[in-house]
Structures are given as C-alpha cells and as structure tokens.
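Dear colleague,

Please find below the structure that I am handing over to you, together with its sequence. My notes on what was found in it follow directly after.

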Amino acid sequence: MTAATRVLVLNSGSSSVKYQLLDMRDSTRLAVGLVERIGEETSRLVHTPLTGDGGDEKRERTGPIADHAAALEAVAGELSRDGLGVDSPALAAIGHRVVHGGLKFSEPTVITDEVLKEIERLVPVAPLHNPANITGIRTAQSLRPDLPQVAVFDTAFHTTMPEYAARYAIDVETADAHRIRRYGFHGTSHAYVSHETARLLGKDPSEVNVIVLHLGNGASATAVRGGQCVDTSMGLTPLEGLVMGTRSGDIDPAVTFHLMRVAGMSADEIDVLLNTKSGLVGLCGDNDMREIRRRIDEGDERAQLAFDIYIHRLKKYIGAYYAVLGRVDAVAFTAGVGENAAPVRAAAIAGLEEMGLAVDADLNAVRADSARVISPEYARVAVAVVPTDEELEIARQTYALVNA
C-alpha cells in the first residue's frame, strides 16, 4: 500500500489559485502552479512539474476558466498528466490558506461544517479573502470528499498577543460586540521566518527575540519573543501598520470623518481610497519598488519622497518593537521587497547603530535564495534576509495535524 506522504497546498484568492504539491518525507516540491484571472476570457494556468533533474518544463494555457471549481478541475488535470493526480493514494491531505480565523482558531484545524460556518461568520472582517478561501475549500472537498482538508490561518500565529497589545482603546462592550481588535496577518510567513531566523543563528526559537519585517505589496512587522508573537502591525484588517504598495497603513482615524464631511466621500469610497489608491501608488503612482528605485536614480522627487515615507514608517516600527521586546537578537527581512531590495534594507537600518544594528554593504548587495546574515560581525544584533516559504509552512502544519 502506498504511503500517504503528499500534501497539496491551495491558496485561493478572489480571482486566482496558487498551489504546490509537496512530499513531506523530505519537503520536496513535486509541482507548483498558478491559475489567474478566473472568470475572465483571458484566464491563465501556469503549471510546472518539478522532476529534480533540471529538466522542469513549465506548461501554460490561456482561455476562459469560469470559476474556482473549473480552476481546480484544471489543476487536477495538470497534476494527473504528471502522475501526481489528486486521486492518488499518496495524497495525505489538502492544506488551505485561510486569511482570517478570528480568535477561535489559534492552530491548524481539520475543516468540518462547523469550521466552515465560523469562517463564513468572519467574512465581514475579511470580505476580500475569506469568501475566496471558502470557495477553494468547498471545491477541493468535492474533488476529494474522503480526504482531510486542513485550514491554516494567517491570523493564528498572532493569537499569542497579550490583551494589552491586541485591544484598541475604545469602549470594551462595543469592541466585543463587533469583534474589534488587532488580529494581525501574514502569520504563516512570520511563524516560518522567525523559526528559520533562530535556526540561522544556531539557536532554538524559544531562545530568540526577532523583529520580522514581511515587506511585499502588503507589508507587516511582528515582534516575536521566544517563538511567539507579542505584537504585530496589522490590525482588525490588513490596512493598519506599514506603508504598503496600495494601502496607507497607519493614519489618523479622523481622516475618514474629514473626507466624509469635506469631500462628500462615502464609506465605500474611502475604503477604496485607503486600500487601493494609497501607500506607494498614492504617493508616486507606482507600487513596484524596482520602478520607484529606478525613478529615484533619475532624480524623481515624488519617488524619493514616497521611498522616504516608506522607510520612515519602517524605522518607527523597528524602534517600537525593539522597545516592546527589550532584547532583540535579530531583525529579519522577508517577502518580495524584503528579500530583493537591498536599498530598502540598508535605509531601514541606517542610523540605528546605537541600537546594535548595522548592515554590511557587501553582504547586503549579494543576491541569493538562501537565508543569510547581512550584518557585520561586530553588530550586537543580527540583520538577516530570510526567504519566506508560506506554502512549506502550511504543508508542515497540515501534515503534522493529520498524522497527530
């Protein structure tokens, strides 16, 4: 009988599905892929079987894919072509990224009808993400109703925050009635990176205090003490905190009332403004850090100001979380910008030498796919670049749960 050691990881977005198939005996990736623009005439599926012999061939097809059910059927078809079918007895479980788990879900959870109902109840605080996650789960259940389906929640890692960090200073009864508190996001990434940073330093996660900076189009910072989150920058929604690609991050709440009264904007219009027309794109028209750096090199003042605001906010959070932790062993940069934008890393750490932080220019300039320290030997606090791997973390948690 074939041992069930494979995990299929699904990350269902509003119009996309990212997926990876892994063999958990050695965490080997067997296939990766993406379906995007679901529901459009120009839908696109990109699938890559990973043979391990260097002969991997990407397969791509375009054409209408009506919905998530059709998308996952197409994914199943591609996997079957490689002898990796969803119907294989080697598949142990399907792991799903679920963005919002509220307070109820603090760890990976086997999905039942009651679990799905609770995820649905959280749609008002995650209207863009949870509905797509639910669709992906239901479709996967229809493909393999006999297989364990596991939800791994973005918010779970942050449920260890103490109440004084998680609560907002508003009327308690109102907050409790409407579930208003800081939940945090990118938790799977923060969990993976904080543990990998400890490993990089040759220590157990329980011994290490880390500030993790997840910098992509969405961006968040987390203070991790001994392997547990004690504070994080995103709040009730992913809008709070750092300057992001299209999100404002921290802003005076009264800006909302001001725009309603003075500009006549509706709540929905302000929601769109702060989530999709703010951040870097609102400041300079671009949300790609590579393009912003190119414009800066050409002397573009708007791009320079956007970069300076981005870095200023980042420094504030590094300083704040240093104070929260009291002792910091490492600052870890991750995600698209954190892993690839050396100027961002250098600028964020510049001027923090009195806090024991420094970046070695030569080490910072090196591009690599592996975790590495970029601070000089004399630095009291390590500065590291740690590529995130949310899919592997989801697979690990899923496999551990179904084998428990």
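Strand β11, residues 228–232, is largely enclosed by the rest of the structure, because four of its five residues are buried, that is, under 20% relative accessible area. Please bear in mind that this is a predicted model.

The partner of β11 is strand β10 (residues 219–225), and the two pair in the antiparallel sense over four bridges. Within this pairing, alanine 223 has aspartate 231 in β11 as its bridge partner, while arginine 225 stands opposite glutamine 228. The two strands form a hairpin with two residues between them, and glycine 226 in that turn has a positive phi of about 60°.

Strand β10 is likewise mostly covered, with six of its seven residues buried. It also pairs with strand β9 (residues 209–215), in the antiparallel sense and over seven bridges. A hairpin of three residues joins β9 to β10.

A separate element to note is helix α11, which covers residues 301–325. Its 25 residues reach 36 Å from the first C-alpha to the last, close to the 36 Å expected at 1.5 Å a residue. At the start of the helix, a side-chain oxygen of aspartate 300 comes to within 3.0 Å of the backbone nitrogen of arginine 302. The buried residues of α11 include Phe307, Tyr310, Arg313, Leu314 and Tyr317. After the helix comes glycine 326, with a positive phi near 80°.

With kind regards

Technical notes:
Residues are numbered from 1 along each chain as its sequence is written. This is a predicted model: local features need pLDDT of at least 70, side-chain atom pairs count only at pLDDT 80 or more; totals for chains, interfaces and linings use all residues. Side-chain values use heavy atoms; hydrogens and water are left out. Buried means under 20% relative accessible area, exposed over 50%, partly exposed in between (1.4 Å probe, protein chains only). Two strands pair if DSSP finds at least two bridges between them. The expected span of a helix is 1.5 Å times one less than its number of residues. A polar contact is a pair of N or O atoms within 3.5 Å; within protein, one must be able to donate a hydrogen and the other to accept it, and residues adjacent in sequence count only if both atoms are side-chain atoms.
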